[in-house]
Structures are given as C-alpha cells and as structure tokens.
Amino acid sequence: IVVTFLIALRGREKPNRRILFRQRNALFTAAERSFLGVLDQAATGRYRVFGKVRIADVLAPAGGLDKSTWTSVFNRIKAKHFDFVLCDPQTLQVKAVIELNDKSHTGSRQIERDELIGRACAEAGLALRVIKARRSYSVEAVRRTVNEIDMATRVDTDGDHEAREEPILTG
C-alpha cells in the first residue's frame, strides 16, 4: 500500500521540477572509515562510538547568557560536527570526543574552527583528543588513547580537558 502511494505521489510531480537534493556516496571519508573500524575495536566494551555528531547535540551555550550572546554562541556550533563521540554504553552519556585531522586542517578557517572546538570542549569539561589522520592505524595505539580517555574521564582532578594531539602510529 505504501509503495503504491509513493508511486502515485511521484506520478503527480511536475516534470520540470528542479531536483535540490542528492544522496551522498558515504557517511565517512576513507580516512574516517578506516579510523572508525580501529576505534570500534579499541573501545569495545567501554564506549559506544558514534560518528559525525552535531556539536550542538553535545554542547550547548552556557546558562545565564543574554539572548543575543546565546544565539551568537549557538550559531557558531550549530552547523559543525565532531568526527567521533565516545559514549557510556549503558547511558549514552558523552564521555569524550575525537577529532581526526588531515592536511586540510592547516588552512586558516580550519585552524579557527579547531580552536573554537578546543575552547568549547575545555569550557564544557569535555575530553577532546585530536588525532592525525594516517593511512592506517594500530588497534593497540588507539586502545592506549582510549585507555587515557577512560582514565581522564573517571578521575579528572585538575579539570584539564584541553585538546591533545595523540601520536597514533601504525604497526
């Protein structure tokens, strides 16, 4: 019945209607897809990994801001996303985020974006790890980063959540 309805509905479309949307080929770039596979293995049992999560779904403007400031802060994050978000597997509470940076992160706009994300995570008390994109990744090296994130999110004595670039090596 639904298929018949959709076919009938499609037949009523105007033939000269301009198409405004297309489906993308893949959710992740090849580098992101490669890293996700290794991150899933390294985080199994400790974190549930989500990819391409909108920053505004994880962070929000602080309370007590006037409407103009709140809107300005929200507008700076609403169209940006984190590459990977690590969540508690039972509660899905966000525990940390990972940004995978390739050579495109050397441009001034990208550097400004990365600095914004770093400040936002630090202010919100959210652990952020920046990992340099590579051709391949070692599960053990990524597991060490996950272990460090695990330790930092369990016992955060100094409140330091600054972005740190992790040396994720192959091998």
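**Surface, strands and rings**

Mentor: Leu-65, Trp-70 and Val-73 make up a nonpolar surface patch, with about 230 Å² of accessible area together. Patches take residues with over 30% relative accessible area and no salt bridge, joining like charges within 9 Å and nonpolar side chains (Val, Leu, Ile, Met, Phe, Trp, Tyr) within 5 Å; a salt bridge is a side-chain nitrogen of Lys or Arg within 4 Å of a carboxyl oxygen of Asp or Glu, and areas come from the Shrake-Rupley method with a 1.4 Å probe, where for residues only the protein chains shown count as cover. This is a predicted model, in which local features need pLDDT of at least 70 and side-chain atom pairs count only at pLDDT 80 or more, while totals for chains, interfaces and linings use all residues. Residues are numbered from 1 along each chain as its sequence is written, and side-chain values use heavy atoms, with hydrogens and water left out.

Trainee: Does Val-73 count as buried, partly exposed or exposed?

Mentor: Val-73 lies in helix α3, residues 67-77, where helices (H or I, at least four residues) and strands (E, at least two) are DSSP runs numbered from the N terminus. Buried means under 20% relative accessible area, exposed over 50%, and partly exposed in between (1.4 Å probe, protein chains only). With a relative accessibility of 33%, Val-73 therefore counts as partly exposed.

Trainee: Which hand does the β-α-β crossover from β3 to β4 have?

Mentor: Strand β3 (residues 94-101) and β4 run parallel and are joined by six bridges, where pairing requires at least two DSSP bridges. In β4 (residues 127-132), five of the six residues are buried. The chain passes from β3 through helix α4 (residues 108-124) to β4, and a crossover is right-handed if, with the strands pointing away from the viewer, the path from the first strand over the helix to the second runs clockwise. The hand of this crossover is right-handed.

Trainee: How many residues apart in sequence are the parts tied together by Phe-35 and Tyr-137?

Mentor: Rings of Phe, Tyr and Trp (its six-membered ring) pair if their centres lie within 6.5 Å, with planes under 30 degrees apart counted as stacked, over 60 as edge-to-face and the rest as tilted, and by this rule there are four aromatic pairs. Phe-35 and Tyr-137 have ring centres 5.0 Å apart and planes at 75°, so this pair is edge-to-face. Phe-35 lies in helix α2 (residues 30-43) and Tyr-137 in the loop between β4 and α5 (139-154), so the parts that the pair ties together are separated in sequence by 102 residues.
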